[in-house]
Amino acid sequence: MPRPILATIDTEALSHNLHTVADRLRQDAPGATPFIWAVIKARGYGHGLEAALAGFDQADGLAMLDLEEAVRCRELGWTGPLLLLEGFFEPADLDVLVHYHIGAALHCTEQFDMLESSPVARQIDAFVKLNTGMHRLGFQPDEFRAAHVRALALQADGVLGQVGTMTHFARADDDPAVTRDQIDCFLRATDGLSGPVSLCNSAATLTPGLAAGIAGDPQWVRPGICLYGASPFADRPADTFGLRPAMTLSARLIGVHRVPAGESVGYGHTFRAPRDMRVGIVACGYADGYPRHAPSGTPVVVDGVRSRLVGRVSMDMLAVDLDPVPGAAVGAPVVLWGQGGPSVDEVATACGTIGYELLTAVTPRVPRRVL
Ligand SMILES: *Cc1c(COP(=O)(O)O)cnc(C)c1O
């Protein structure tokens, strides 16, 4: 029998979440509902590209980072728009973009140099990216017009197809004033330009009225994390938006024993039993992607009952408190996060990180079942 650990991917939850986000946008902006790029970078936020594609087959487009992921989408039968959020990296990529009809963000002059000297590039759809204050990718506001003029010249030459504009928010999850400033910066820098626009990540997409206040011809939003049923907000759980977890990480107890009061559990003896207690050993460790820095007290569900981690997470195992579940024996089901367990965001919060990191960190040795 394989080791009892499993990542279950619920493609119905993925499509439910996509429809939930689409419904919110429709209610928000009945006249000019934005199109949705479902962001599937990092192999669909760790859910697997195939599962993501199955769940998001109704999306308007798919956005990712890796050229190889984009090609794989075509091979799996996706015929809609594709957008590379970091664009391309070298001239040889351009052949592939043309061949598979893959669009690209254009964020630096080196990419324009490659397009201008490429003998092959034809009708590549592009979004010229503006840096509105995140200082990650994109042209500064004072360089943006020149870049856009260059894009229009490439369009006139048939090298580029559609030319749109985009930016990315730094604090849509926690500071609306910063987002407002970024939008104002975007509107100033793109004033008078036509073509599609794309600004909103999950946090912005879920903020009432935000996307509705952005005109676009058309507008595309770029939600990622919320489509997988996790929240982009530290203070607002995903289920309050009607979102459902798409990944459930589950395992089983492979050992149960008594720890006398005063004895300690696991490497480093970081947890000391305050009284005689029962401890369960779960077949899940940091080599499965469970965070090693999860502290004692991190929530976990054992046999349907909420309990907590005790002691340090080791490579292949972790220990849980069985006092709330006196009946739990070897073989009892354990949900680390997802349906029937704590949310991935609760676990992430306990570990001082975000759901994004946990979902994308599940390692290849964990078997996956796609529903
Ligand atoms: C990852 C990413 C997104 C999606 O972000 P979420 O917070 O997961 O919604 C959108 N746009 C860009 C450029 C990204 O890199």
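A: The answer below begins with the pocket and then turns to a cavity and a pair of helices.

The model is predicted. Its largest pocket has a volume of about 830 Å³. A total of 40 residues line this pocket, and those nearest its centre are Asn201, Ile225, Pro232, Ile354 and Tyr356. Of the elements, H10 supplies the largest share, with 4 residues. By class, the pocket lining comprises 20 nonpolar, 9 polar and 11 charged residues.

The model has 1 cavity of 30 Å³ or more, and the volume of the largest cavity is about 50 Å³. Among the residues that line the largest cavity are Lys129, Asn131, Met134, His135, Arg136, Thr167, His168 and Gln182. This lining divides into 3 nonpolar, 7 polar and 2 charged residues.

The helix pair is formed by H6 (residues 109–117) and H7 (residues 141–156), whose axes come within 11 Å and cross at roughly 20 degrees. An angle under 35 degrees counts as roughly parallel, and H6 and H7 are therefore roughly parallel to each other. Their crossing is left-handed. On the H6 side, the contact is made by Thr109, Phe112, Asp113, Leu115 and Glu116, while H7 contributes Ala147, Arg150, Ala151 and Leu154. The residues of this contact comprise 5 nonpolar, 1 polar and 3 charged.

Notes: Residues numbered from 1 in each chain as written. Predicted model: local features only at pLDDT ≥ 70, side-chain atom pairs only at ≥ 80, totals over all residues. Heavy atoms only, no water. 1 Å grid on protein atoms, 1.4 Å probe; cavity = no way out; pocket = protein on both sides within 12 Å on 5 of 7 lines; lining within 4 Å. Points joined across faces, edges and corners; volume = space filled by probe spheres on them. Nonpolar A, V, L, I, M, F, W, Y, C, P; charged D, E, K, R; others polar. Axes fitted to C-alpha atoms, helices over the stretch in contact; angles between N-to-C directions. Helix = DSSP H or I, 4+ residues; strand = E, 2+ residues; numbered from the N terminus. Parallel < 35°, antiparallel > 145°, perpendicular 65-115°, else oblique. Left-handed = near helix turned anticlockwise from the far one by under 90°. Contact = heavy atoms within 4.5 Å.
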